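Please walk me through this model by question and answer. Keep it brisk.

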Amino acid sequence: MSTLNPAADASAHAHDDHGHHEIGFVSKYIFSTDHKMIGIQFLFTTLLMLIVGGSLALGVRFQLAWPWRAMPVVSQVAELAGGPTFVAEGGQISPEFYTMLFTMHASVMIFLVIIPILAGAFGNFLIPLMIGADDMAFPVLNMLSYWFMWPAIVCFGLSFTVGGLNAAPAQGWTSYPVLSAIVDSAPGAGDAQTWWLMGLTFVGVSSMMGSVNYMTTIINMRAPGMTLFRMPLTIWSMFITAILQAFALPVLTAAGFMLLTERTLGFNFFVPGGLIVNNGDPTVGGGQPLLWQHLFWFYSHPAVYIMLLPAMGMVSDMLACVVRKPIFGYKPMVYSMAAIAGLGFIVWGHHMFTSGMNPALGMTFMISTMMIALPSAVKVFNWIGTIWGGKVTFNTVTLNCVAFVSMFIVGGLSGIFMAAVPVDIYFHDTYFIVAHFHYVLFGATLFGCFGAIQFWFPKMWGRMMSERLGRLHFFLTFIGFNGTFFPMHLLGIAGFPRRYADPYIHPYMEHLMPMNQFITICAVIMGVAQFLLIGNFVLSIFYGKKAGRNPWNANGLEWTAPSPPGHGNFDILPVVYRGPYEYSSPLVDGRDYLMQTERLNPAAEAVDNPADDATTDPGSDS
Amino acid sequence: MVNKFWPIFFMFWPILAIVSFVIAPGMDWWFPGPAMSPLGEQIDNLFYLILVIVAVTFVGTHVALGYVLWRGVDNKDQKAWFSHGSHNLEILWSIAPAGILMFISLYQLDVWMEFRVKTHFPEGTTPVAEVTARQFEWRIRYPAPGKKLMTTPQSDDLYTVNDLHVPFGRPVSIRLRSMDVQHAFFLPELRVKQDAVPGAVIPVWFEASKPGEYDLTCAELCGWGHYKMRGRVFAENESGFEQYLETLQAEQNFDGVTQPEHTGAQIAEYGIEDSQ
Amino acid sequence: MRDLTALVIVPAALLVLIGCTESGSIEPGGGAASPTAVTVRGGVEVAGTGSTASTTGGEVELIGDPGSISGTILFDGTAPKLAPVVAQGTAKADPAVCAKNGNIPDESLVVSTGGGIANVFVYLSKAPKGFEFDKPAEQPFLDQKACIFQPHALLLWSGLDFELKNSDKVPHNVQTFPARNSGENNNLSPGSSMKTSFRNAEPAPFPSKCAIHPWMQYWTLVVDHPFAAVTDADGKFEIPNIPPGKYKFRVFHERGEMLERGVEVVVKPETETSVEWKYGASSFGL
Amino acid sequence: MNRSICIILFCAALPLVGCESGRAPSFQLSEQSQELSGFAKEKVQGELEAGFGTPSNLVVWSELDVDFGQYSGTVKKVGPRPGTLKIEGEGLAVASSLAGVRSLNDLKGAAVVVSSPSSVTESNDESSGEDGADASDARTSELADTSSGEGESESYRVASYDPASRLLSVVNENGVPAQLSVAKGDNVQILGPALQEGRNLYLRHCMHCHGVSGDGAGPTAQYFKVKPRDYRQGVVKFTSTKANVPRPSRDDLFRIVKLGVPGTYMPSFMLLPDEEVHAIVEYVRWLAMRGEMERKLNAWLSLDYSKEAVADMEEPAEEIESAFAEAWADEASDNITQFSEELQMDWQEADKEENVVVPPTERVPPSPESIERGRKLFQGNKAKCASCHGLTGKGNGPSTESFNDLPGQPGVKSDKAGLFDIWGNIVKPRNLTAGVFRGGRRPIDIYRRIHSGIKGTPMQAFGSTLNKEGEIWDVVNYVLSIPFENKQGGH
């Protein structure tokens, strides 16, 4: 039996692996070109940023629940950080500080947490391992893509402090002109906004490097026998994401530069003439504010899928493993991801239904937007189908994956309301939107990531994470999350607008304050719960239970490598004979997994003879 | 039973979700009152239509999810069901949603056209005022009583702020402008929302079906005082509207001599007539 | 088991928050943590009696008849020549009238050939207690000729009207910047005049100007007692009819500002006390 | 082990949800006060705190004879619960000449004075009379008594009041239900409700720009091109009062809050209920008085006891300090009384009928002739409006270019050319072609601005200059016609 499983006799290799390549601390842990180390660096950075973004969010929540009361932590921290000091006001924040809170919350969470944790952390760590490559195609580029995160972080950080007292970008993460284009138009529209745009550019550069690398690696460096349709869905999702990024990002970068030049060099793209902003002199020029919105959303809508697809892929892999069952409809999964990516490029206009663009566009965008719900639906059904008839054991991974599916359903369904233009007339920029995208981005993506951290942690550190803490963290997060964001649907239906520092001066919202207090309490529970994740993560690195090569009895290539894999990943070059989801295969007895590298019957399995794929290709229906 | 905890758990929260939606209207966690305009009613109907479809899907998917989990945990077989999926199912659950989604989107179009496409505006929509959004208030310009609203300011125009009076029972339109940054003209009770885009004049029509006072808020981030842009639309009958314009005219031409000075309390009449 | 832990912690988190919410009552706009209170405060109780000596008021023994003070204020050394504020024909406003036939001199320091400094205010910041006096019959008036205020230093009584004149062919205005009264800003059309007054005495002279011709400046001291004087062109001043006693006088010049905060002068009954004070260039920031 | 870990982590996370820091808004000393030497500064601060309190503990100061509203009633019965009183008849009645204080509801924390009928009857009679001044005289004198604890009167604070059940529950200074020494028929008074509600609203709506102390330097203000008003000189620009009446009337402030100031960041609070706007007005006036008091104290002390003054005295520090102590002991009492009288007088003046500018004649019809006459005056030598506002009213007259003198500081020049107001900001003469009129666009508004100028700015009072029949109206007509000059043809 053990002969069949390379994982079994691996310990020997594992040891002398470490002996081999002696490299200095700096090049091993800091300026490392090893995709695993880079992935881990990304992971740590993003977890750090998760805390930052989270506390910003709590600041926002506090203001909404108890407006104009001395804000507990955030204001003090801001003071320490040389930011605003609301001493005379007794800690009561100012309205523009509130706008800065939610602006930076969104910016940090989107650009410094979700995108990097998916593409950066897991993409880097998993791609070579899963396709059986020893590293990325361009290791140095890979390293750079991480180190370009830091200028971005610095720029975002600077945007908090430059311009003196509480000057941070206050334009929302969408930074619509004119607000973001004219320096006088708002607090923080000064240097802060410029720094923010620089940060955005750096993030763009970083993920651009990443995406080029991923595409090349996935196309060129697959192990023998790893045909496209034998690739795990994770790899597919990363591949598609990389393509999305490569095509969408330049537009945003260009727009960013246009805005920069408009702000700094006096170019004129977005600001029309004759505006009197901050009671200054009338503006001159013939810009068009909607231009920015088109360019911005042309990136930022695909970006939503950049923030989602990798999670979908990873969840598919984890789900198949934890229910010990082949993924349900492998090829439809792939196609639907491709479809999402394709449609993702022609739906940006649904962010602009009320913006006064040509109503005809509104109709076309509505139809395309409705259509993009279709592949998502297909994926959901396939996940349910995957669980159907499986052997479910509820460990942390399972919980997070199921939560992913469940939350994604909600997020997807609430999207339909907004896709319908007339209904969106009412829901645009209300808390219904906030609920929607938090269900997709937090509910789906982050739960997926929590699962993925738990799942691949042993591969990173050779130790398991604590199940108990993991489940506790899941439980609290799940409760807190739904308690926080589900009521927001109701707020939205009640016409509660986004980005209001004190909504209760409007009589029709006064009665919503208790609900906001409830939401804030839940948000705090959720925030506190994340410390369990951090603690679990850090402690398990040192005290976690030792893990072998394949603690989950999974099929993927990465599980044939030692945990943690040494430099160059694999001790034996893996050869792939089948797809990654052959769980509970009747071909083997006594165990319910069949690794991609196992050769059962030479006659039946060619290495890379497409003709034979038909027999082993999981995509073909049985 | 312990191993059933999680399936139950995942069943439990959707039930809570459904319940919260069921009790929401009773708890006043719902729309700010019924739609006060014909268009708003259509929008609400569309909303409820989608709500039903969505609710069914939500329940369906979650029941399915719960079921497969439930079955999954006490799957006594030695191995899970070795299946790579079913072609027919895939076809089925691609076609069905596609149909529904297509239906939803096509069903909406005419409402959208009516709201935004100028040629589809209702008959006899008359412009009553020019509303200029600025940080952080709504500056309003009416034509003098009996005059038409001109595109450029006239010497006898009437000006006020944050308080848009309109006649009810017939479609009226405003010229929506922005003086500085982007704002959005949002009437929750009337289900009307339209961004005020700098450099553009956008006609917005709406019809208040009942007299009364409707909140006017800004729904596009316009700076630190975004939340401060509290206005109202005050719908009254034709004569009341005329009356209002005349009072406004009198107030605005007041020369300190010919009539009693408007004290604060009297200005307030325009603002606060009947807010108890 | 694990869920027990959770069940312990969730309420804990709730409790913490509820603690919070109660620590500040929930309605918006509260602002402060502690509730507002409007409390009452009685009249100020300040220790001491009105009759004790004060640095500025001076000690007065009302024995014998009043004396008088006459003095000169001299520039120590040779006074520098100040450039005119507006040279002939270069006025930025109304050149047809202002500085047409002559410079407009810089009056911030006017020193006579004898070295006397003009436009210096000498005054008691408070009238000595227990001494009656009556307000003067008429007040000096202020004129504006050739875009120059005349006089440049004006000594007024509080509560008495005084006249503003404009003898020019152009409109002028008088904008005042007092410390304890409220500033006014009145326009005077050519040849017109008006009356106005200051209600409260001022602790120190204050500047006034013409907003139309900003180089036009003059200084005013508003007093509620007769123990004040302005030096004339030769730097001489006179304070007649002052009760015997020891006084601390303020000496103020617009350039040197408070030259003396309380220079001591002793007045004997029925005698003229004469004083002479010298100030060097440094006192005037020259 | 895991259990302990997660408990530890949880505690580590507690600060995140930590309760309010307990910090409260506070009044800041003005720049001049900061210039005072330590001992003088202390006294000033102490005086201000004693006289005006802090934002969270406002003081109605009997020296400052101003009506901040008052509710009064008579005790029907004490109880049922400890610290509760039942009020007779209609419940609390407004005993105040003040417009805005009716139906204020936010009484929590306000001071309650319960006194035996004898000591208060006459004050009730008077305060029901029309003349606010007298009424408040009587009341404040009585307040002085209560504060100094004479007569059988007790002070508590409102915990809650329910108009329906007319049940008033009070607490003592420590916030615990008071053991009431109150009998049926005693008189109950709640002091300064307007001030208190005004403070709540101010902190919510106004503070971010105008600052807690009303110094126009709130956190948000730093970004504005047009700075928020600094109340501390008691001067506001747009008033209906005469040139020699320095303060705005209550109605002026009310209008500004209600209608906003177009062309600035001051938004319109049109939809705030009148009572609330009145309350805000009262609080703003009170803040202004506080600022003026500080200013007057400075004017008195800074001559001798500013940092630099002390620096260039030759006497040793302690001598100066003792000298100051003497001076303070000697003069503080009189001066402060006098200061507060001065500023009450100023503010009372502003509310008097006769001090409102009322044109002698009604508006001259805006005929072309009248407009032409107005243009002549505007551009001509008599009023010379053009020297600032420019020949075509674009606000670009020669004066805006040629001078850079700071007001009130002869010889001090700014590095920027322009005209300055008394707050040290550059003020552009209004560009009249834009049709935006900050102080209101009614003919009377513009008439008043021409007649008594814009307080605190170089815009001067032309009342005595344009004194011929209808001259000002001509200018008004011209000014109102400027925005349409080139469009008249099409009209």
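Q: Are α17(A) and α18(A) roughly parallel or roughly antiparallel to each other?
A: This is a predicted model, in which local features need pLDDT of at least 70, side-chain atom pairs count only at pLDDT 80 or more, and totals for chains, interfaces and linings use all residues. Residues are numbered from 1 along each chain as its sequence is written, while chains are lettered from A and ligands numbered from 1 in the order in which they are written. α17(A) packs on α18(A) (residues 513-543) at about 155°, with the axes 8 Å apart; axes are lines fitted to C-alpha atoms over the stretch in contact, and angles run from 0 to 180 degrees between N-to-C directions. Angles over 145 degrees count as roughly antiparallel and those under 35 as roughly parallel, so the two helices are roughly antiparallel.

Q: How many charged residues does the contact of α17(A) with α18(A) have?
A: Asp, Glu, Lys and Arg count as charged; Ala, Val, Leu, Ile, Met, Phe, Trp, Tyr, Cys and Pro as nonpolar; the others, Gly among them, as polar. The contact has 18 nonpolar and 8 polar residues. The charged count is none.

Q: Is A65(A) buried or exposed?
A: A65(A) sits in helix α3 (residues 35-65) of chain A; helices are DSSP runs of H or I with at least four residues, strands are runs of E with at least two, and both are numbered from the N terminus. A residue is buried if 20 or more other C-beta atoms, placed from the backbone, lie within 10 Å of its own, exposed if 12 or fewer, and partly exposed in between. A65(A) has 23 such neighbours, so the residue counts as buried.

Q: Which residues is A65(A) in contact with, leaving aside its neighbours within four places in sequence?
A: Contact needs C-beta atoms, placed from the backbone, within 7 Å. On that test, the partners of A65(A) are N516(A), Q517(A) and T520(A).

Q: Which helix gives the most to the side of chain A that touches chain B?
A: Here 94 residues of chain A meet 80 of chain B. Several helices each supply at least two residues to the chain A side, including α5 (95-131), α10 (289-306) and α17 (467-493). That side divides into 63 nonpolar, 22 polar and 9 charged residues. With 16 residues, the top contributor is α13(A).

Q: Which strands are the edge strands of the open sheet in chain B?
A: The sheet has 5 strands in the order β4-β10-β9-β6-β7, with mixed pairing. Strands pair if DSSP finds at least two bridges between them.

Q: Which residue is the bridge partner of A184(B) in β7(B)?
A: A184(B) has its partner in β7(B). Strand β6 (residues 183-187) and β7(B) run antiparallel, joined by 5 bridges. The partner is D195(B).

Q: How many residues does the hairpin use to join β1(B) to β2(B)?
A: β1 (residues 126-134) and β2 (residues 137-142) of chain B pair in the antiparallel sense over 5 bridges. R134(B) stands opposite E137(B). The hairpin joins the two strands through 2 residues.

Q: Which residue in β3(B) does Y142(B) stand opposite?
A: β2(B) and β3 (residues 158-161) run antiparallel, joined by 4 bridges. Opposite Y142(B) stands L158(B).

Definitions and conventions. Contact = placed C-beta atoms within 7 Å. Parallel < 35°, antiparallel > 145°, perpendicular 65-115°, else oblique.
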